[in-house]
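This report goes through a structure by its ligand surroundings, its sheets and its helix packing. The sequence and the coordinates come first.

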Amino acid sequence: MIKVGIVGGTGYTGVELLRILSTHPEVKLTAITARSDAGLPVADMFPSLRGIVDLAFTSPEETDLTGCDVVFFATPHGVAMSHARKLLAAGVRIIDLAADFRLKDTAEFEKWYGMPHACPDILQEAVYGLVEVNREAIRKARVIGLPGCYPTSVQLGLAPLLGHGKPLVNESMLIADCKSGVSGAGRRASVGSLFAESSDNFHAYGVKGHRHLPEIVQGLKAITGNTREIGLTFVPHLTPMIRGIHSTLYATLRPEASGIDFQSLYEDYYRNDPFVDVLPAGSHPETRSVRASNYLRIAVHRPGNGNTLVILVVEDNLVKGAAGQGVQCLNLMCGLDETTGLKQVPVLP
Ligand SMILES: NC(=O)C1=CN([C@@H]2O[C@H](COP(=O)(O)OP(=O)(O)OC[C@H]3O[C@@H](n4cnc5c(N)ncnc54)[C@H](OP(=O)(O)O)[C@@H]3O)[C@@H](O)[C@H]2O)C=CC1
Ligand SMILES: CC(=O)N[C@@H](CCC(=O)OP(=O)(O)O)C(=O)O
């Protein structure tokens, strides 16, 4: 059995990891830490796990994680990088749900996250955990920087266009118009997450610049094999639902690509990816069609057969956008089938 520890078990992504890993046939959960709730049985905080997870939260300072095979960090930015060296020295592999190991350029990291990077050498060896793009590198990785929730949907929505051998769209004028449920902001108390603020309301934020923009640009550029510069307008919105991301992506076709069948292009690109579902032509995916599951569904439109492609992407921000994608990486790192323990059917309604 693979011994797994989770740092930050009381947040939304932490409890998603617990939910998914508690039924994973090859995993033994060995430690779940939380500072404020150390000593509390998991089931006392999360009654949904009563009779399923019988561990208690422990203090991160007093928990020895070096006996684990893999440790997940479901913590704020900056925590994983302060523990990475010691864990790696003990042979423990790391999957960070935060941004410590996403941006390769430390100056960019410091600019967007407001802290110096604690281990630039480990950052350089870390693999970006976007499975459908980096599957082979993930198998051998010791450290995974999992993509953010919005970046997962935007990169997978655009990858078939940018990963094509020939330039198909104008890469300098991409648009990502994205909407997230409130759980994307985490479980800690904040005014913006109050029911009275976030329900029956809808607004954009971060238009001037959001920390996911450099991450998406870095990822899209890598998908082109670092052969092309990326220009992206990214506008996130907070929408009054609990889970889910809906991203509407716009790309302008190059004249030489106008004869391409984009529906077939997308279907072929994701033919062997078990969690990416390219919907039939003309579809409008709904966030609830992926709720609580690791699936990401995509629909490709070309309105009026014109020169604008509109790609619709839905995912559950806490699953394919975080914990589920992390378990997909864990499976690959441990030589398992990537779907092991991840076949949860979306919850409807
Ligand atoms: N919510 C989402 O949709 C997504 C979130 N992420 C990322 O995943 C990470 C976790 O997110 P989320 O679950 O929403 O966050 P939450 O705020 O809901 O939970 C954070 C957890 O980390 C613990 N924690 C906080 N500070 C520290 C610290 N210094 N040392 C150890 N533990 C700490 C908290 O407990 P305590 O304070 O008691 O220790 C809590 O258990 C974040 O980096 C987030 O950006 C990534 C993709 C999607
Ligand atoms: C709705 C909401 O507030 N969303 C978060 C993104 C959450 C996420 O997945 O991103 P990280 O892992 O990079 O934190 C935000 O915009 O900051």
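How do the residues of the shell around ligand 1 divide into nonpolar, polar and charged? The shell holds 12 nonpolar, 15 polar and 4 charged residues. In this classification Ala, Val, Leu, Ile, Met, Phe, Trp, Tyr, Cys and Pro count as nonpolar, Asp, Glu, Lys and Arg as charged, and the others, Gly among them, as polar.

The model is predicted; local features need pLDDT of at least 70 and side-chain atom pairs count only at pLDDT 80 or more, while totals for chains, interfaces and linings use all residues. Residues are numbered from 1 along each chain as its sequence is written, and chains are lettered from A and ligands numbered from 1 in the order in which they are written.

**Ligand surroundings**

Around ligand 1 there are 31 residues, of which Gly8, Gly11, Arg35, Ala98 and Gly186 come nearest. A residue is near a molecule or strand if its C-beta atom, placed from the backbone, lies within 6 Å of it. Helix 1 supplies the largest share, 3 residues. Helices (H or I, at least four residues) and strands (E, at least two) are DSSP runs, numbered from the N terminus.

Ala98 also belongs to the surroundings of ligand 2, together with Ala99, Gly148, Cys149, Ser180, Gly184, Ala185, Pro236, Leu238 and Gly321. The shell around ligand 2 has 6 nonpolar and 4 polar residues, and no charged ones.

One open sheet has 6 strands in the order 2-1-3-4-6-5, with parallel pairing. Its edges are strand 2 (27-33) and strand 5 (127-128), each pairing on one side only. Helix 3 (residues 80-89) packs on this sheet and touches strand 3 (70-73), strand 4 and strand 6; its direction makes about 170° with that of strand 4. Angles run from 0 to 180 degrees between N-to-C directions, and axes are lines fitted to C-alpha atoms, for helices over the stretch in contact.

A second open sheet has 7 strands in the order 8-9-7-10-13-12-11, with mixed pairing. Strand 8 (203-204) and strand 11 (276-278) are its edge strands. Two strands pair if DSSP finds at least two bridges between them.

| Strands | Sense | Bridges |
|---|---|---|
| Strand 4 (residues 93-96) and strand 6 (residues 143-145) | parallel | 3 |
| Strand 7 (residues 174-180) and strand 9 (residues 232-238) | parallel | 7 |
| Strand 8 and strand 9 | antiparallel | 2 |

Asp96 has Gly145 in strand 6 as its bridge partner. In strand 9, Thr233 stands opposite Ile175. Leu238 in strand 9 faces Ser180 and also His203.

**Helix 7**

Helix 7 lies across strand 7, strand 9, strand 10 (245-252), strand 11, strand 12 (296-301) and strand 13 (308-315), running at about 35° to strand 10.

Helix 7 (residues 149-162) also packs with helix 9 (residues 212-223) at an angle of about 25°, their axes 10 Å apart. The two helices are therefore roughly parallel to each other (angles under 35 degrees count as such). Their crossing is right-handed, meaning that the near helix is turned clockwise from the far one by less than a right angle. Tyr150, Pro151, Val154, Gln155, Leu158, Ala159 and Leu162 in helix 7 meet His212, Glu215, Ile216, Gly219, Leu220 and Ile223 in helix 9. Contact requires C-beta atoms, placed from the backbone, within 7 Å. By class, this contact has 9 nonpolar, 3 polar and 1 charged residues.

Note on methods. Angles under 35 degrees count as roughly parallel, over 145 as roughly antiparallel, 65 to 115 as roughly perpendicular and the rest as oblique. Two residues are in contact if their C-beta atoms, placed from the backbone, lie within 7 Å.
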